[in-house]
Amino acid sequence: MITLATPAAMQQWARSQHASGRRIAFVPTMGALHEGHLHLMQTARSYADVVVASIFVNPLQFNSREDFDTYPRPMDEDLALCDRVQVDAVYAPTAAAMYPVGFETHVDPGSLAVPMEGAMRPGHFRGVTTVVAKLFGAVRPDVALFGQKDFQQLAVIRRMAIDLDMGIDIISVPTVREPDGLALSSRNRRLSLEDRRASVAVPDALRSAVEALATGETNAQALERTALRVLAGEPLGRVEYVRVFDAATLEPIPVIDREAVIAAAVWFSDVRIIDNMLLHPATDTTASTGM
Ligand code: AMP
């Protein structure tokens, strides 16, 4: 496994791979790797000949200096994990290499970046699209994989790749969860034992909405209320939002008559947990068996 630290070194490596006819699959991360990240890297293998992972904690996408400063950065462990899942190259640039003096160009996402995470974290997605565009420019991938866990991020990046004619296939990978249902996240390691136990209310709440839909409740607000009732039962959680929306446009919908998503952001002490689950509309067959 090779480690590359500058855009120029990364581009040179990528060019040599392409010159040898190899396709590159890319998994961008902010490090503090867990099984969710490793699953993306292992899945990447089936899309290309070589796999590149990046590790870069992007200052542009943080809303609080404290969150940025306390974000875990176990670089040696991360490199060992990448090696274990047979990543071919790790791109780990410094902030100075990414944003040298004079840097001033940003990628401005559109309406997909406005609700939910966009509303709660001003400038977050502009930071994400900018860094991902730069990472794509250095890694030159044919395909890039992103977790469904960050559903809105995936939608924003997919749109960017299309709008800017990047020619990169964006692949969505299902969320990897702990045995009790909590979605794996680098921030989970900052949860106290008590908060960790309480945080299972988030997947429980989302699942209760999925189950309510399966038993015939198609009203979006009713599904949000179902999830909120479960969260209300956990006093350690402070709900920021629970939202049902159209999976393609991210706009609110009154009833689940197309692919939809229920997403939540909930605070446990100073740790913010986000998660989501897909809401599949009933097919005609299901509707008729329900009669
Ligand atoms: P991050 O390091 O948080 O920026 O995440 C890097 C990539 O890993 C993103 O595409 C995330 O959506 C994805 N990811 C994070 N957590 C999970 C998870 N539990 N399951 C699958 N993918 C994940």
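Where in the chain is Ser269 found? Ser269 sits in the loop between E8 and E9, and has a positive phi of about 50° despite not being a glycine. Keep in mind that this is a predicted model, where local features need pLDDT of at least 70, side-chain atom pairs count only at pLDDT 80 or more, and totals for chains, interfaces and linings use all residues. Residues are numbered from 1 along each chain as its sequence is written, and side-chain values use heavy atoms, with hydrogens and water left out.

**Overall build**

- Along the principal axes, the C-alpha atoms of the chain fill a box of roughly 60 × 40 × 35 Å.
- Of the 291 residues in the chain, 51% are buried. Buried means under 20% relative accessible area, exposed over 50%, and partly exposed in between (1.4 Å probe, protein chains only).
- Among contacts in the chain with a separation of 6 or more, 72% come from residues 24 or more positions apart; contact means heavy atoms within 4.5 Å.

**H1 against H7**

- Two packed helices are described by the angle between their axes and the distance between the axes.
- For helix H1 (residues 7-19) and helix H7 (residues 124-139), the axes come within 7 Å and cross at roughly 50°. H1 and H7 are therefore oblique to each other.
- On the H1 side, the contact is made by Pro7, Met10, Gln11 and Ala14, and on the H7 side by Gly137, Ala138 and Val139.
- Sorted by class, the contact of H1 with H7 has five nonpolar, two polar and no charged residues. Ala, Val, Leu, Ile, Met, Phe, Trp, Tyr, Cys and Pro count as nonpolar, Asp, Glu, Lys and Arg as charged, and the others, Gly among them, as polar.
- On conventions, axes are lines fitted to C-alpha atoms, for helices over the stretch in contact, and angles run from 0 to 180 degrees between N-to-C directions. Angles under 35 degrees count as roughly parallel, over 145 as roughly antiparallel, 65 to 115 as roughly perpendicular and the rest as oblique.

- Helix H10 (residues 201-214) has 14 residues, which at 1.5 Å a residue should span 20 Å, and its end C-alpha atoms are 20 Å apart, which agrees. The expected span is 1.5 Å times one less than the number of residues in the helix.
- The buried residues of H10 include Val202, Leu206, Ala209 and Leu213.
- Those buried residues pack against helix H9 (193-198), helix H11 (220-232), strand E8 (260-268) and strand E9 (271-279).
- Over in helix H11 you'll find Arg229, which is exposed, with a relative accessible area of 58%. Arg229 and Ser208 are 21 residues apart in sequence, with 9.5 Å between their C-alpha atoms.

- Val271 lies in strand E9 and is buried at a relative accessible area of 1%. Leaving out neighbours within four places in sequence, Val271 is in contact with Arg187, Arg190, Leu191 and Val266.
- Most residues other than glycine have a negative phi. Leu250, which is not a glycine, has a positive phi of about 65°. Leu250 lies in the loop between strand E7 (237-246) and E8, and counts as buried at 3% relative accessibility.
- Leu79 has its place in helix H4 (residues 75-84). Not counting residues up to four places away in sequence, Leu79 touches Met1, Thr3 and Val90.

Technical notes
Helices (H or I, at least four residues) and strands (E, at least two) are DSSP runs, numbered from the N terminus.
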